[in-house]
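Hello,

Here is the structure I promised to pass on to you. Please have a look at it first, and then read my notes below.

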Amino acid sequence: MSESFPHGGNLRALAEAAGRNPADILDASASINPLGPPPWLRQVISAATGELVHYPDPDATELIAAACERYGAPASHFVAGGGTSEILYALPRATGLARAVIPTPCYADYATAAHKSGMDIRRVPAVEFDDFAVHLDRMEGVLRSPSLVILGSPGNPTGKVIPAPDIVDMASRHPQCLFLVDEAFADFVPGFASLAGADRPYNVAVLLSLTKSFAIPGLRLGLLAASPDLAGWVRSKLPPWSVNTLAQAVGARGLADTGYLEATRQALPGLRGRLADGLTKLGFSVLPGAANFLLARLPAEASPSGEVCRRVLAGHGVALRDCANFHALSDRFIRVAVRREDETDRILAALAGVLDSPLAPSFAPRRRTPALMIQGTASNAGKSVLCAGLCRLLARRGLRVAPFKSQNMSLNSGVTADGLEMGRAQIVQARACRLAPDVRMNPVLLKPTSDVGSQVIVLGKPVGVMRVGEYIKYKPQAFAAARDAYDALAADVDVMVLEGAGSPAEVNLQAHDMVNMAMAAHAGAKVLLAADIDRGGAYAALLGTMECLAEADRARVVGYLLNRFRGDPSLLAPANTFLRRATGRDVVGVVPWIENLGLPEEDSVTFKDGGTLPTAPPDDPDRLDIAVVDLPRVSNFTDLDALAVEPDVHLRRVRGASELGRPDAVILPGSKNTLADLAWLGETGLAAAITALAGEGTTEVVGICAGLQMLGTAVADPLGLESGRAREEGLGLLGISTELAAAKTLAATRAVHADSKLALRGYEIHHGLTVPDNATPPRIAVTREDGSPMGYARPDGRVWGAYLHGIFDADAFRRHFLNALRARRNLAPIANSTPYDLEPALDRLADVLEAHLDLPALLRRVGL
């Protein structure tokens with residue numbers, strides 16, 4: 001760095017010296033808040049932008065009012081400036097004093113500001129054997145004449161705090177002197193007693209730096225608290241409009257945000273301790289300090305500080321503060337800013353490498369598995385499908401890849417080979433990776449049972465039904481399980497593909513997020529933000545999402561995906577340029593609309609929006625009309641996907657009795673609240689309409705899982721597992737009754753269709769225990785391999801149901817079922833089913849992504 005700028009923090013100069021991009025530099029030479037800017041920073045700046053058409057308030061009225069509120073002194077005591085440096089350079093000229101007394105080592109600009117004002121400077125050096133502590137009583141002998149005494153508390157570079165009562169006592173003994181106390185780093189010290197309040201002695205003035213506290217040094221903002229006379233004199237030395245509009249707005253908000261500063265003070269001791277321990281292990285002598293930096297003496301055998309700092313910067317992209325230009329120090333000292341844990345590990349690893357320490361391997365940051373995460377601007381932006389496509393694309397390149405979604409809210413789930421439950425979307429993504437489903441891929445699954453409650457499933461097993469407030473309290477435990485699952489899974493593969501949920505811009509959820517940016521932070525994942533351009537408003541959604549993110553989270557976003565585009569992508573160029581200029585990120589892919597992709601939906605959003613099934617009967621009379629009842633709490637509607645691939649089938653969605661008509665078959669799918677959905681069937685008239693069709697015998701009525709339970713005479717829930725309803729009468733179409741039990745049946749199941757003897761394969765997910773009625777026992781329709789019944793039918797076979805999810809996935813049985821319906825319509829049977837296979841869909845999806853994404857560039861961004 002040049003002699004004209006002897007401080008840390010010159011990022012451009014550091015990058016040039018290192019031959020690196022500024023974004024690759026870890027700047028530990030400047031000491032600012034390791035937590036980064038507060039989450040409200042961008043919103044405050046954005047709100048104040050409209051005021052830039054006017055000159056700033058010359059009196060900084062709102063900023064000064066906020067200072068009065070925080071420190072308890074009148075407005076006349078405060079002066080606002082463009083950083084404390086501006087005030088520091090103006091203050092000596094306002095005092096009329098001829099001499100400055102400065103304990104050292106200290107911030108170099110104290111002496112520079114005094115010298116430029118024509119003052120004589122008397123330095124009072126502290127000594128190393130006393131950890132450079134400032135002893136005010138040792139200064140008594142040099143304060144006989146009026147002087148400006150400049151003290152740092154905590155001091156820079158030592159981090160030492162001078163007790164406020166000691167300063168007040170000395171000021172009272174030397175009324176002819178002015179004591180300027182720099183509290184630039186005071187916000188980092190728990191319990192710090194500031195001298196900026198109204199009871200401050202008239203000959204004590206205080207510098208207050210907001211830029212360090214709120215990690216906004218580029219904004220330049222500082223305050224002086226002083227006697228009204230001195231404040232007025234300093235104010236007259238500053239240029240007009242010294243504090244710009246944006247800085248005033250941010251300062252007013254920051255002074256009021258005690259919560260952010262308290263969080264900083266709570267986090268800092270642990271972070272500082274981690275850094276101190278690491279430096280000590282490397283042979284440094286670390287001086288104890290209370291601020292957000294540490295002064296450390298190099299090991300005896302190390303090169304001079306300038307050489308160490310140069311090599312750390314050039315070889316590792318880490319900037320440290322060379323303390324050789326601090327008075328009373330030497331080229332044996334460096335100052336290191338306290339940073340986040342991962343950054344501290346990088347600092348220590350860099351120093352270990354430069355010092356050739358045998359401990360270097362232990363300081364090397366843990367290698368993170370490269371990770372790419374798809375987040376969306378909203379639910380149903382296509383995240384699940386995009387992740388599945390990326391998984392298959394990476395797998396085809398020979399990489400070991402695994403999917404991950406820390407928390408999935410969906411009623412579409414499946415069961416692994418070891419009998420554990422996970423989200424259906426991650427099961428599909430596992431297949432895209434050519435892996436067996438593993439609950440670590442979706443460690444937390446929420447299955448809504450009502451508008452305010454869900455069954456919570458952790459690592460494949462239910463832990464209870466929780467209302468929203470209960471789950472928020474449980475979330476730390478859930479997130480811990482998710483992080484552990486991720487770490488274990490990531491250790492086995494080359495790259496991870498993570499999926500977010502909803503939008504990271506849901507500001508009401510950010511405080512307890514565990515699925516979007518919080519998970520990205522844990523994984524070290526690069527984030528692609530996806531928007532559904534077919535719905536419109538994609539660019540506004542992308543820009544708005546970025547505006548709602550904290551700075552650390554914005555930094556994780558490496559680009560945008562526009563999904564489901566119909567048209568010529570070149571027409572998007574002006575909007576892409578606008579987005580680049582507004583956010584500094586590029587659109588890295590425009591994924592076209594893919595007709596009839598053939599992959600299961602993650603949840604019921606598309607199904608309920610009508611995007612999966614139509615509501616109208618078929619136009620072609622030779623197509624089979626199969627009506628699917630759209631239950632309020634429908635689950636696992638993907639059981640119907642296999643039927644949808646058949647060209648002679650028209651599946652449609654039914655929500656009311658008037659829509660039912662006279663279909664060839666009615667299917668009652670699964671439900672996460674069987675009793676409530678049974679009541680809904682009665683309220684809508686569908687129960688009576690379905691019963692009437694079953695009585696006529698021309699329509700086949702089929703129930704899957706909860707649908708099977710509804711076909712019986714009654715369903716009881718004595719434990720309140722799904723709702724507050726204890727019992728609900730069923731449709732009475734099968735002689736069975738069901739009681740929901742605490743134990744949940746979770747099994748990957750092989751089964752047999754009793755009439756056709758055709759093999760079936762799927763999974764069971766249910767709390768119900770179903771038994772035949774003694775008076776009107778049904779016949780068995782489906783059995784497990786061991787012969788135990790899992791499905792029942794009316795004697796004529798026109799009403800039947802089974803607990804087997806995926807029952808129609810078996811091609812032979814599906815065609816047998818459909819041909820029986822055709823026979824009743826006197827339609828010729830079809831010999832072969834259309835194969836139901838996800839592999840062609842996954843490969844087709846991967847082909848589309850490969851054609852519309854720059855995959856090599858994405859892989860470089862994640863470190864592959």
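What follows is a short tour of a pocket, some cavities and a surface patch.

Please keep in mind as you read that this is a predicted model.

**The second largest pocket**

I began with the second largest pocket, which has a volume of about 1,300 Å³. Its lining is made up of 45 residues, and N596, L597, G598, L599 and E601 are the closest to the centre. Several elements each supply at least two residues of this lining: helix 14 (383-396), helix 21 (605-608), helix 22 (641-644) and helix 28 (838-852), together with strand 24 (557-565), strand 25 (587-592) and strand 28 (649-654). Helix 28 has the largest share, with 4 residues. Sorted by class, the lining of the second largest pocket holds 24 nonpolar, 12 charged and 9 polar residues.

The largest cavity has a volume of about 160 Å³. Around the largest cavity are 18 lining residues, and those nearest its centre are S671, C705, E722, I765 and H766. Two or more residues of this lining come from each of strand 30 (670-671), helix 26 (706-711), strand 34 (736-753) and strand 35 (759-772). Strand 35 gives the most, with 4 residues. As for class, the lining of the largest cavity has 10 polar residues, along with 4 nonpolar and 4 charged ones.

The second largest cavity has a volume of about 100 Å³. Its lining consists of 13 residues, with P105, C106, V134, G152 and G155 the closest to the centre. Here strand 5 (residues 148-152) gives the most to the lining, namely 3 residues. By class, the lining of the second largest cavity divides into 8 nonpolar, 4 polar and 1 charged.

**A patch on the surface**

Finally, which residues form a nonpolar patch on the surface? They are V452, V468 and I472, and together they have about 220 Å² of accessible area. To find V452, look at the loop between strand 19 (444-448) and strand 20 (453-458). V452 counts as partly exposed because its relative accessibility is 36%, and partly exposed covers the range between buried, under 20%, and exposed, over 50%.

Best wishes

How values were computed:
Residues numbered from 1 in each chain as written. Predicted model: local features only at pLDDT ≥ 70, side-chain atom pairs only at ≥ 80, totals over all residues. Heavy atoms only, no water. Patch = residues over 30% accessible without salt bridge, like charges linked within 9 Å, V, L, I, M, F, W, Y side chains within 5 Å. Areas by Shrake-Rupley, 256 points an atom, 1.4 Å probe, with all protein chains shown as cover. Salt bridge = Lys/Arg side-chain N within 4 Å of Asp/Glu carboxyl O. Buried < 20%, exposed > 50% of the residue type's maximum accessible area, 1.4 Å probe, protein only. 1 Å grid on protein atoms, 1.4 Å probe; cavity = no way out; pocket = protein on both sides within 12 Å on 5 of 7 lines; lining within 4 Å. Points joined across faces, edges and corners; volume = space filled by probe spheres on them. Nonpolar A, V, L, I, M, F, W, Y, C, P; charged D, E, K, R; others polar.
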